[in-house]
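Please walk through this structure with me, one site at a time.

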Amino acid sequence: MTVFDTTLRDGEQTPGIAFTFEQKIDIARQLSDIGVHTIEAGFPASSAPEKETVAAIKRLGLSANICGLARSVKADVDACIDCDVDMIHVFIPTSDIQRENTINKTREQVLGITGDIVRYVRDHVDKCMFSPMDATRTDADYLVEVCRTAAAAGATIINIPDTVGVISPSGMKTLMGRLAREVGCPLDVHCHNDFGLAVANTIAAVEAGASEVQVTVNGLGERAGNADLAQTVMIMESIYGIRTGITKERLVETSRLISRFSGIGIPPTQPVVGENVFSHESGIHTQGVLKCSETFEPGIMTPEMVGHRRRLTLGKHVGRHAVRQMLIDVHIEPGDAELDTIVERVKAIASRGKRVTDADLYEIAESVMGIAVGKKVLRLEDIAIMTGNHVIPTASVRAQVNGTEHVFSSVGNGPVDAALKAIVGIIPARIQLTEFNIEAISGGSDAMCHVTIAVEDEHGRIYDASGSGDDIVLASVDALVNAINLTSRE
Ligand code: KIV
Ligand code: ZN
């Protein structure tokens, strides 16, 4: 099974997303490094910068094939040829509704254009993907005719797009099964997620004979997006035993990279890569998982397989086992009565709807047990931040790190980003920010805010802490300093 990724093309059509040139280069490298077979790098005819980007991605010499998208017109194909791509993906609307309302051509004219454009592509480039756009709303007999025409003209693969995400898995299976029997060309599938069925429909197409799947990282794409790469890959690998060639251990890292570049956060409940996928809170679950992780996890998909982490979290359902384990992990060993009091206090805070962070837990334990607060590696002395409409946000920090004074500066996308980068830069340990949440506690421009931050240390352990105040930057800084000081607890 091969994986065709269109994060840089359909993914970038997500409302509000525009990747920079540098981000596109990084995304292409990441996709190729994790084993994506073909990268749809863009739509060269759409603009001069887009064309230059596709050409630059091709020049990287990545192991993935680089594909350019083209409408079924020679000028679009020529723009792809100029980029020296390995594959050209030509498409034409075939459903009556799209054919009549977009290109205003008859069914016969579309058949003629299909044959001509595929032949033109093959005269210049080895690989030609042909897409009958809106295939799932196209009259099925006519769809077979169009696909056969493309195959006879030399298409090397035919993509079946569910352009507006309306087919069901059983409908997809019937359609793909027929095309697989009657067309005589390798098939690929491109599903949109308007009804939340993109991944299920993609898998149904695979069951019916598709040999390639089109996906995007984090399911980005037009409207509700496309089939998600991580989910599609893990379903094929873990449930169906189909090899995809993707380095699964880098799925979480890839998802986070695209989340950062796109500015679209990963919902905690997002399958495979979401923060909650391997998190356990309730007493019954954590007790089971602590004994044997498969008790309340799929087992055929472990956190290690996808580059994730298992976490016990604190909430109103938390049990004694989880709390004891979380404290033992940082060398705090409460007695039975102390543990009962700690659990009671955690539940009381969580029941008020407040998140209980690791920092809160350690503080509660220390007060219940009457033990000293752990040594702090990082003591912030000064922080100065400069921002404005004509300056690059810059932060300078002076802090005691393990008792010695250090100074560090950093620029960022905004004042918070600059401040957090300066703090991460001042400490010797390599930590990664894995979560940043901000909520306004009261209304108005002078609202109090509450920031929760999670960081991952070099050993893959995650710690969360919070900070509050009426200054967003300082509350964020506070939360990060608190989290960093947890990572040094030994
Ligand atoms: O959704 C769609 O039909 C497309 C085509 C260009 C393949 O994105
Ligand atoms: Zn699409």
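Ser476 sits in helix α17 (residues 472-487). This is a predicted model. Is Ser476 buried or exposed? Its relative accessibility is 0%, and buried means under 20%, so Ser476 counts as buried. Beyond its neighbours within four places in sequence, Ser476 is in contact with Val416, Leu420, Phe436, Val451 and Ile453.

Now turn to the metal. Which residues supply the protein donors of the zinc ion (ligand 2)? They are Asp10 through OD, His190 through NE2 and His192 through NE2. These donors lie 2.0 to 2.1 Å from the zinc ion. Along the chain, the donor residues follow the spacing D-x179-H-x1-H. Asp10 and His192 link distant parts of the chain, 182 residues apart. Asp10 belongs to the loop between β1 (2-5) and α1 (21-33). His192 belongs to the loop between β7 (187-191) and α8 (198-207). Asp10 has 2% relative accessibility and therefore counts as buried. His192 is buried too, with a relative accessible area of 4%.

Ligand 1 comes next. Its surrounding residues include Asp10, His190 and His192, which are also the zinc donors. Among the others are Arg9, His89, Phe91, Ser131 and Asn159. The shell around ligand 1 has 3 nonpolar, 6 polar and 2 charged residues. Strands β4 (87-93), β5 (127-133) and β6 (157-162) each supply at least two residues of that shell.

The distance is 3.0 Å for Arg9, 3.0 Å for Asp10 and 3.1 Å for His190. Taken alone, ligand 1 exposes 260 Å², and the protein buries 94% of that.

Methods. Residues numbered from 1 in each chain as written. Chains lettered and ligands numbered in written order. Predicted model: local features only at pLDDT ≥ 70, side-chain atom pairs only at ≥ 80, totals over all residues. Heavy atoms only, no water. Donors = N, O, S within 2.8 Å, 3.2 Å for Na, K, Ca; no water. Helix = DSSP H or I, 4+ residues; strand = E, 2+ residues; numbered from the N terminus. Buried < 20%, exposed > 50% of the residue type's maximum accessible area, 1.4 Å probe, protein only. Contact = heavy atoms within 4.5 Å. Near = heavy atom within 4 Å. Polar contact = N/O pair within 3.5 Å; in protein donor to acceptor, adjacent residues only side chain to side chain. Areas by Shrake-Rupley, 256 points an atom, 1.4 Å probe, with all protein chains shown as cover. Nonpolar A, V, L, I, M, F, W, Y, C, P; charged D, E, K, R; others polar.
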